[in-house]
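Me: Please take a close look at one helix and the aromatic rings around it. I would like one connected account.

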Amino acid sequence: MSAPSPVPTEKAILQFLDICDSFYPQDAVEASVEQQRNWYDALCARFDRPLPPDMVFADGMVQRIPIRRYRPRKISTRTVLLYLHGGGFVVGSLESHHAICAEIADFAGAELVSVDYRLAPEYRWPAQTDDGFAVLKHLLSASNKVVLIGDSAGGNLAAGLALRARDEGLPGVVGQVLIYPALGGDLAAGSYVEMAAAPGLTTADVAYYREILQAPAGAEIAEPLNASSLAGLPPTYITVAHFDPLRDDGRQYAARLAAEGVEVSFREEPQMVHAWLRARHMSEGARDGFHAVCEAVRHFAAP
């Protein structure tokens, strides 16, 4: 007899999970990739929101990579925000995180660039990090300062880009904000065991996404938690959900960053589940967590 799945008690987040389950089945990874993307697009559309007043956005290209630029009504810094969306490297797009990106840009008073990086399985690793790095280098070449932001798989990519920029001696990355990031932790230990059957994301799902990405084991950019050194990385903000198998990736990364002399802030959302960003307008816990994310972004982006 298996143990019951760990679940939060906040009513609004339970309602959020019910809505998610009605759009995106808990066994979604067993379906075709096309079906997964259709379900995910419908789910994201369900939580879509009007953009902040006077927000302007436009699609464009950096080399061959589609991007979307957001410019809020009031720009208070020249620092640019670079956003990498979540979705297990398999689903997600410029549309899936549209309102999230706009709200972060508006709060920070900064231009934000969202990257439509190539997805697996059509494109295996390192296509995703290479796309993100090409856009990052483009922004840095214009003498911009950049704050890296990513959620889930996007948090993995953002952390990897910070490592790549450090290793190549590229100045200008002034902060990274990692939202329930996947960082390459041990699937047989810690929260991967404790939260193996957590709502919203299971350890089996994480294993599926790793398998479909096909990043080589031990590749530091793909598994930032296993990098030989984290010294010299930019100031970092990490937030995790308690009911999430990825929780300890963020915990351990924050601890390593602090031990290696990197300025780091860590926040664990005690009632949250994976992907709580979409619940920011219906859950008090998600609302508070999103506000903290936006505050961290604005702090790093300050002139």
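Reply: Start with burial: a residue is buried under 20% relative accessible area, exposed over 50%, and partly exposed in between, using a 1.4 Å probe and protein chains only. This is a predicted model, in which local features need pLDDT of at least 70, side-chain atom pairs count only at pLDDT 80 or more, and totals for chains, interfaces and linings use all residues. Residues are numbered from 1 along each chain as its sequence is written, and side-chain values use heavy atoms, leaving out hydrogens and water.

Now helix H2. Helices (H or I, at least four residues) and strands (E, at least two) are DSSP runs, numbered from the N terminus. H2 covers residues 33-46, 14 residues in total. From first C-alpha to last, H2 reaches 20 Å, close to the 20 Å expected at 1.5 Å a residue. That expected span is 1.5 Å times one less than the number of residues.

The buried residues of H2 are Val33, Gln36, Arg37, Tyr40, Leu43 and Cys44. Viewed down the axis of H2, they fall within an arc of 125°, so they line one face of the helix. The arc is taken from the directions from the helix axis to the C-beta atoms. Exposed Glu34 and Ala45 sit on the face of H2 turned away from its buried side. The buried residues of H2 pack against helix H1 (11-23) and helix H7 (203-213); contact means heavy atoms within 4.5 Å.

Next, the rings. Rings of Phe, Tyr and Trp (its six-membered ring) pair if their centres lie within 6.5 Å; planes under 30 degrees apart count as stacked, over 60 as edge-to-face and the rest as tilted. The whole structure has 6 aromatic pairs. In one of them, Phe16 and Phe47 have ring centres 5.2 Å apart and planes at 55°, so the pair is tilted. Phe16 lies in helix H1 and Phe47 in the loop between H2 and strand E1 (56-62), 31 residues apart. Phe16 is buried at 1% relative accessibility. Phe47 is buried too, at 8%.

Tyr24 and Trp39 have ring centres 6.4 Å apart and planes at 80°, so this pair is edge-to-face. Tyr24 is in the loop between H1 and H2, and Trp39 is in helix H2, 15 residues apart. Tyr24 counts as buried because its relative accessibility is 15%. Trp39 is partly exposed at 24%. Tyr24, Trp39 and Tyr40 form one aromatic cluster.

Finally, a charge. The charged end of Arg46 sits over the ring of Phe47, 5.2 Å from its centre. That label needs NZ of Lys or CZ of Arg within 6 Å of the ring centre and within 35 degrees of the ring normal.
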